[in-house]
Amino acid sequence: MKPMDYQLFELGDTAVTIEFGTELSTDIHQEVMKRFYQFQSFPLPGTLDLIPAYASLTIVFDLGLVASRFQGLAGMKTLIEEKLAEPFSAIIPEGRLHEIPCQYEGPDLASVASACGLSEQEIIRIHSEKEYTVFFLGFLPGFAYMGTTDERITISRKAKPVPIQAGDIGLAGNQTGIYPIASPGGWQIIGRTNSIPHFRAGDRVRFIPVIA
Amino acid sequence: MKLIKKGLLDTWQSMPVFGMQHEGIPPGGAMDSFSLQIANALVGNDVYDKALEMHFPAGVYQWETSSLLAICGADFGACIDNIPVPMNQPIKVPPGALLSFKNPVYGQRVYVANRPLRDEQVSRVKLLPWSMNPENVFTDDPIRILCGREWDQIKACSQQMVLGKPFTISAASNRMGYQLIQEPLKMLSAPTMLSSAVTAGTIQLLPSGQVIVLMAGHQTTGGYPRLAHVISADLPRLAQKGPGDNLRFTLTDHTTAEYEWIFVQNYLQQVRNVCALKLHQHRFDHR
């Protein structure tokens, strides 16, 4: 199989990001997970972390090691290109289904509804009728990025992060997610839950509307 | 070491711990990893040992056993039993010695490395006759940055503002990140970005036009445009700046970033070697 097109760029002086696309798609995410397992099974020298995201995989390096022995990040980019050209097939484990009870009474529900030109009831129906995929964990320990949401409820992040409670369920772009711990965040909060499972990338999620 | 009075934000910090970022668990670690390493070297600790990171007002601590300690980073007017003691110098303390900090002189974070002396009874506070002089953490030179993925997506006049005008560190700054205050920057177009990995030093552009520099306690991923990245070698210097301080940015390249990192690592290795030798000779002389 021909390798998927990608772009490489440096993330500061310690990491390289492999970007397989700029939009959310199942195919691109499958490629990210496949490459995550490839670089985990056959790590490049100096690898400290592998961070998968929706459409990218970031490799964090030990700067001292790669700068003194591998011509720095420029040298690592060459090694990454060689690795990506190698044939590799990975078995990606099938995810579990989590059904999460959700009280749709978040502080931003009304503003999201008016921004989308829908009623609050329609936002709730549209958000809860779709099954989502956990694309990856990030941002906070245990925070699962899920998607994709229906395009009718696509909404941008807030201009400034605000304090958010543990269990709050938010929207950002065509992503949805649950805050596992209290934290500042820019997502639009439409609901909350008391049940936060231990997610793994590839799991599936359904939100069940409940009355508090 | 026993806590007598809690400080504003006292935590034990080590070097960052990598390997769990795919679970959303960030590497964390000391804000000023340079001063942490100097402190550990002065007492003969391992590179990976923890030291106490404190902000002002800092906590008051009492030693329960004879110990060797070193105070590095910010100068908060350190005193042992109410007598001022020097920074960046190994100090032997007897059981009962009380460490306190009187007034902030410069810097934001002080590091106290500590090693119990198991085979020695110390009867009074004693300064060992050597010290380090790691001044480079407190220079006012511009902070060096590398272009980020979205650098070209801000207007040319905004690029000039980033590089030409000073930023002020806002009061809403902490271990996770510094919010910087300047005129709002303007993007060429409003991007919808997918979240992806970020690192310590990543400078993100908020939709409001303000910028945030991610620091040691940063999250693993983020969805704001990545304007630029502070080079690793300059992060300790940035960590010693705080709310109200001004800073300037200047562009550099990867070769410089890598050279400067190697330079700092070599310096730290020399400090560790010298300190280990001095401590060894001292033990030999005082057998």
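Let's start with helix α1 of chain A (residues 26-41), whose 16 residues reach 22 Å from first C-alpha to last, close to the 22 Å expected at 1.5 Å a residue. The expected span is 1.5 Å times one less than the number of residues, and helices here are DSSP runs (H or I, at least four residues), numbered from the N terminus. This is a predicted model, in which local features need pLDDT of at least 70, side-chain atom pairs count only at pLDDT 80 or more, and totals for chains, interfaces and linings use all residues. Residues are numbered from 1 along each chain as its sequence is written, while chains are lettered from A and ligands numbered from 1 in the order written.

**Exercise 1.** Find which residues of α1(A) are buried and which are exposed.

*Solution.* 
- Step 1: Buried means 20 or more other C-beta atoms within 10 Å of a residue's own, exposed means 12 or fewer, and partly exposed lies in between, with C-beta atoms placed from the backbone.
- Step 2: Ile28(A), His29(A), Glu31(A), Val32(A), Arg35(A) and Phe36(A) are buried.
- Step 3: These residues share one side of α1(A) because they cover an arc of only 155 degrees around the axis, taken from the directions from the axis to the C-beta atoms.
- Step 4: Thr26(A), Asp27(A) and Ser41(A), on the other side, are exposed.

**Exercise 2.** Describe the side of chain B that touches chain A.

*Solution.* 
- Step 1: Chain B gives 34 residues and chain A 41; contact means C-beta atoms, placed from the backbone, within 7 Å.
- Step 2: α4(B) gives the most to this side of chain B, with six residues.

Technical notes
Two residues are in contact if their C-beta atoms, placed from the backbone, lie within 7 Å. Helices (H or I, at least four residues) and strands (E, at least two) are DSSP runs, numbered from the N terminus.
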